Amino acid sequence: NNLIISSIRRDYDWSTEHFHHHNRYEIYFLNAGERHFYHSGDLFTIKAGDVFLARPNVLHYAYGSDTHEKYGIEFTDKYLCHFLTPLVTDKFLYCFKYSHLRLTNEEKDMFRKAFLNALSEFSKETQMDNEFCFINLCVILGILKRVALRQDETKLEIPSKSNDKKLSNHLSYAFDFIRNNFTDISSLDEISSKCYIDKFYLSRAFKKNMGVTIMEYINSLKLQYACELLSTTNMSIASISDKCGFTNTSHFSTLFRKNIGISPTKFRKNHTGFSAVSSNSSI
């Protein structure tokens, strides 16, 4: 489980079952098609040749109706530290400051070649083959670091929030209102009133543009915030539930277990030192 390499092509509608997280870094190269992603509060679209990056234990979600093909790599800190010192590991993980990278045609070709080499070696079982996988992973991380550095220099802003479509002013305002007030929002009526938009139109438009319902999105922000508090503070479960805006601790625990897969108490035990960006932060 410290390294997973996969190539998957789907000719049908497919979405992840719900918001999820895992303890591995994830590199998702879209070789064909178009996909929509939620990651740590942001929503965006990636196109063929783009890369989606997810840090460990950050809630994310993918959806879309197009035929698509993905090249996926997931790996843990433990896997990298088997070969590298912590200082060098940090340098190789530089690209994960972004969740969306756009490669040049040359970089796409280099990525594909390194990935297919790694996938070929991954199917074997000897120690030498494992080392060849690592070498190709280093090539991929090197390519992505170069892209990230270029985005630093150009301050490239990749479109988000709307599947690369321009949101209406009202819907954009509602999106920002939710991001900034998710712990205090009690109902759809409240968003509708504050943003001066009909709640039925808001509900339909949000789902159409974002791929999730408003309440699913709000709950994902609350759960991400709860994960951060569970692993970085000594606050009680009840206090965290209240701070994140849940109506009661029982509802919080039920929703947490349904989406995260374990109880808040077990998550805290397993994720001391949880690494994530605040749901109110931009990536």
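A residue is called buried when its relative accessible area is under 20%, exposed when this is over 50%, and partly exposed in between (1.4 Å probe, protein chains only). By that rule E228, at 12% relative accessibility, counts as buried. The model shown is predicted, so local features need pLDDT of at least 70 and side-chain atom pairs count only at pLDDT 80 or more, while totals for chains, interfaces and linings use all residues. Residues are numbered from 1 along each chain as its sequence is written, and side-chain values use heavy atoms, with hydrogens and water left out.

**View 1. The chain as a whole has 11 helices and 8 strands.** Helices (H or I, at least four residues) and strands (E, at least two) are DSSP runs, numbered from the N terminus. Of the 283 residues in the chain, 49% are buried. Contact here means heavy atoms within 4.5 Å, and among the contacts in the chain with a separation of 6 or more, 74% are between residues 24 or more positions apart.

**View 2. An open sheet is formed by 5 strands in the order β1-β7-β2-β5-β8, with antiparallel pairing.** Two strands are taken to pair if DSSP finds at least two bridges between them. At the edges stand β1 (3–10) and β8 (100–102), each of which has a single partner strand, so that one side of each is left without a neighbour in the sheet. On average, and with direction ignored, neighbouring strands of this sheet are turned by 20° against each other. Helix α3 (residues 105–122) lies across β1, β2 (25–32), β5 (50–54) and β7, and runs at about 115° to β1; for such angles, axes are lines fitted to C-alpha atoms, for helices over the stretch in contact, and the angles run from 0 to 180 degrees between N-to-C directions.

**View 3. Strand β7 holds the residue H68.** The antiparallel strands β1 and β7 (residues 68–75) are joined by 8 bridges, and in this pairing H68 of β7 stands opposite R10. With a relative accessibility of 0%, H68 counts as buried. When its neighbours within four places in sequence are left aside, H68 is in contact with I8, R9, R10, W14, Y28, L30, A32, G33 and R35.

**View 4. Strands β3 (residues 34–39) and β4 pair in the antiparallel sense over 6 bridges.** One of the residues to look for is E34, whose bridge partner in β4 is K47. In strand β4 (residues 42–47), 5 of the 6 residues are buried, so this strand is largely enclosed by the rest of the structure.

View 5. Y196 has a phi near 55°, a positive value in a residue other than glycine, and at 67% relative accessibility Y196 counts as exposed. The N-terminal end of α7 is capped by D198, a side-chain oxygen of which lies 3.1 Å from the backbone nitrogen of F200; a polar contact is a pair of N or O atoms within 3.5 Å, where, within protein, one must be able to donate a hydrogen and the other to accept it, and residues adjacent in sequence count only if both atoms are side-chain atoms. Within the helix, L202, A205, F206, N209 and M210 are buried. Seen down the axis of α7, these buried residues fall within an arc of 105°, so they line one face of the helix, the arc being that of the directions from the helix axis to the C-beta atoms. On the other side of α7, F200, R204 and K208 are exposed. Just after the helix, G211 takes a positive phi of about 85°.

**View 6. Helix α8 (residues 214–232) has 19 residues, among them E228.** Of the 19 residues of α8, 15 are buried, so the helix is largely enclosed by the rest of the structure. E228 and R268 are 40 residues apart in sequence, with their C-alpha atoms 9.4 Å apart in space.

**View 7. The segment after α11 (264–270) contains H271.** At 12% relative accessibility, H271 counts as buried. Not counting residues up to four places away in sequence, H271 touches H21, N57, S231 and I262. Although H271 and N23 are 248 residues apart in sequence, they are 9.0 Å apart in space, C-alpha to C-alpha.

Terms used. The expected span of a helix is 1.5 Å times one less than its number of residues.
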